[in-house]
Each structure stands twice: as structure tokens, then as C-alpha cells.
Amino acid sequence: MNRLSKHSAYMEWAKLCSAARFNLATSGLTNTSIAEFPLFRSDMEITGPGGYGFEPLQEQLAHHTGAPAESVVAATGASMANFLAMSVALNPGDEVIIESPAYGLFADIANYLGARITEVQRPFETGFAVDPGILAGAITPQTRLIVLSNLHNPSGALLPEEVLLRIGELAQKAGVYVLVDEVYLEMVFADATPFAFGLGQQQFPDANPFIVTNSLTKAYGLSGLRCGWILAAAPLAHRMWRLNDLFGVNAAHVAEQMAVVAFDRLEMVRTKARELLATNRQLLNNFLDAHPELPCYRPSFGTVIFPKLPVGSPDDFFKMLRDKYETSVVPGAFFGMPDHFRVGAGGTTEVVRNGLERLGLALRDFCGR
């Protein structure tokens, strides 16, 4: 791809085309209100210290993740976190293994960096599971990085601990890193959640192969703070901080201060998120129960499902859904599976209920032709 033409078709679509009266395209939780932040003008400063991390925020990130401070890199959202992580791990011509279906930006970043992509399938028929044996067969001497998401975007499937550990063993043996985007994983809301970096610390203390990216955006509805982070072995973390120098001196200090407040109040936000998801997930299950003609893996956690359109042209369906029913979903083409579409249930319960009702009407209208 010519460098002058490199871009992300998915991000362009998300910014310009995803909005609708009933938006089922968004995958994060509905936005948290500024009213929930006890901030006063006297508490805030426009500018403050933090060239390589605002210390109070770095402390909060280390505490939240259980990672040592030297392994924590603050980033402007999970998107920049993924870019920094992949940029440090890959040189032009290196091979990167990326799950398929996959979040479109993974391939967009790899293409921008001049890496060669090998896809490893997460098949619909197996509940979008990762087969470590197939993954092992895809690794070559030129492989430098494996890229996965957990919870899987777009299906919501969970990568269990035992699979992650087998992947970690493969990676350590081959001398490659494993990037795990965990931006949805905190929606599991359980003590036994398989966070990859912590597993790597326990099982591979001398050479943790896992790099993890995350943010406060998806699980907590705090997108506007752009509070993302990377967890990586200290030498890699150091290189990511230095690479980030190319993009600016400091982060927006007001956003950093608000992120510290958010971590102080995270249990309250988590409780609200858990309650919303419990309600909306039941709406999703009711919708799938009412539409047995719609093949779909049902994840146990998260906000998204990735059903398959049973008949017809996906583009025609998405146009009808938007034009006639004022509802948006994400076309599966952005994940490499054009006959699927991603439905997000993280919005307000009213929007999700009405959006799913309209999606059902559109399916009956379209499939009954």
C-alpha cells in the first residue's frame, strides 16, 4: 500500500457513517456524565508535570492492573496504545499473525508499518475459539508478533486462561510477543478474569511474552478522557515512551486529572456498568431467541454479538436498516466477514430495546422477500 494512501476505512466509517437514531454500532458502554465527577475549578490545573506519565495517574494504573510501575505506559486511548505497541514490536518486512475476524485497525496499523500479515482463523463454527495448534503452525522465523483481542472483537468470545498460557508458551519458545487487546475484558466483572499480563508475570517471570492494551473507554463509558494504557516488559515500555515522544510532549493534563478521579470512583462506575449490561444482555438474548433464523454465537460477557445475515446482500440490508428503520450496526466487512454484522448493546436500555426491535423488523422485512 502506498504510504500516501494509507488510512483506516473502518475508522472513517465509524466517524462519518455509524451514527443513527438507534445506534447499535457502538461497542462501549453509554457515556458517563460529567455530573458524576466531583471536580471544582480550584482542583484543576490546565498544565502540569507528566512528560513520561502523570505520576498520580501512573500510580492508579499500576494499582488497577497489578503491573509494576516500570511496565505501565499511559496512552491516548487504546487506539494509540495499539499503535505504540505494534510499532515497537514490528519493523518493515516482519511477519505479524493477526486473528481473523479481527478489529480492522490491527491490520491497518500493520500495513502502515510495512509488516506482512498472516491471518489465523477464529472460526464461527467453534465459537470463535483460538486453536493454539493452528497458531503454532503459523509461526515462522520471521514472525515477531501475534495480535489477539480478549474479549474478542467482534464476537465477544472469551480467551480462557488455559489457552492464553499455551499461547504464551508458544510465544516464549519462538521468541515472539503476544499483543492482547483487553479493552472489553473488564466487562467480565469477575476475580478470575484472565488478564494476560498478570498471567505472564506469574508463568514467565523472566521473559513475559505478553503485551496488553486497555482503556477506560469501553467498559466504563469514559471515552472522552482518552485514558489508555499499555502493559509490557520494562525495556519495551521504555521504548514505547520514547516512541510516544514523536506525537507530543504531554497528554492533556485536565484529562489526566479527571482520569485519576475516575479511578477513585471506579467501583461506582463498575456497579452501574454491571447493572446496565445485565439488563441489556437479557434484551440481546431475548432478541436472539425471537430470531432463530439468525446464526449467532452467544458470548457470556461484553456488549457485542456478531450474527450472520442468513440471506441476501449485506450492503442492501444495512442500507434498508438505516434508511427505513433509523438503526445502525457495524458491517462485517470491516472485520473480514462480509456476511456478518456486529451488534452493540452498551447504549441506554431504551436505545438498545428500540434498536433491537427495529433490527428484528428489518430482518423479517429483508429475509421475507
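1. Let's start with helix 4. The buried residues of this helix pack against helix 1 (9-16), helix 3 (77-89), strand 3 (95-100), strand 4 (116-121), strand 5 (143-149) and strand 6 (177-181). Helix 4 covers residues 104-112, and its buried residues are Gly104, Leu105, Phe106, Ile109 and Ala110. Just past the end of helix 4, Gly114 has a positive phi of about 80 degrees. On terms: helices (H or I, at least four residues) and strands (E, at least two) are DSSP runs, numbered from the N terminus. Buried means under 20% relative accessible area, exposed over 50%, and partly exposed in between (1.4 Å probe, protein chains only). Contact means heavy atoms within 4.5 Å.

2. A word on the model itself. This is a predicted model, in which local features need pLDDT of at least 70 and side-chain atom pairs count only at pLDDT 80 or more, while totals for chains, interfaces and linings use all residues. Residues are numbered from 1 along each chain as its sequence is written, and side-chain values use heavy atoms, with hydrogens and water left out.

3. Now the pockets. On a 1 Å grid over the protein atoms alone, a pocket is an open set of points with protein on both sides within 12 Å along at least five of seven lines, a cavity is a set of points where a 1.4 Å probe fits but cannot get out, and lining residues have an atom within 4 Å of a point. Grid points are joined across faces, edges and corners, and a volume is the space filled by probe spheres set on the points. The largest pocket has a volume of about 740 Å³. Its lining has 33 residues, with Thr26, Ser27, Thr217, Lys218 and Ser223 lying nearest the centre. Helix 1, helix 3 and helix 8 (217-220) are the elements that give two or more residues to this lining, and helix 1 has the largest share, 5 residues. By type, the lining of the largest pocket splits into 12 nonpolar, 16 polar and 5 charged residues. Here Ala, Val, Leu, Ile, Met, Phe, Trp, Tyr, Cys and Pro count as nonpolar, Asp, Glu, Lys and Arg as charged, and the others, Gly among them, as polar.

4. The second largest pocket has a volume of about 520 Å³. It is lined by 23 residues, and nearest its centre are His64, Glu186, Ala190, Thr193 and Phe195. Helix 2 (55-65), helix 7 (196-203), strand 7 and strand 8 (227-231) each supply at least two lining residues. Helix 7 gives the most, with 5 residues. The lining of the second largest pocket holds 12 nonpolar, 6 polar and 5 charged residues.

5. The largest cavity has a volume of about 60 Å³. Leu29, Thr30, Thr32, Tyr220, Val269, Lys272, Ala273 and Leu276 line this cavity, and helix 11 (residues 266-290) has the largest share of the lining, 4 residues. Ala278 is also found in helix 11, and it counts as exposed because its relative accessibility is 52%.

6. On to aromatics. The structure holds 18 aromatic pairs. Rings of Phe, Tyr and Trp (its six-membered ring) pair if their centres lie within 6.5 Å, with planes under 30 degrees apart counting as stacked, over 60 as edge-to-face and the rest as tilted. The rings of Trp229 and Phe263 have centres 6.1 Å apart and planes at 55 degrees, so this pair is tilted. It links distant parts of the chain, with Trp229 in strand 8 and Phe263 in helix 10 (residues 253-264), 34 residues apart. Trp229 is buried at 1% relative accessibility, and Phe263 is buried at 9%.

7. Ser215 sits in strand 7 (residues 210-215) and is buried, with 1% relative accessibility. Its side chain reaches the backbone nitrogen of Thr217 at 3.0 Å, a polar contact (a pair of N or O atoms within 3.5 Å; within protein, one must be able to donate a hydrogen and the other to accept it, and residues adjacent in sequence count only if both atoms are side-chain atoms). Thr327 is in strand 10 (residues 327-328) and is buried, with a relative accessible area of 1%. The side chain of Thr327 reaches the backbone oxygen of Tyr325 at 2.9 Å.
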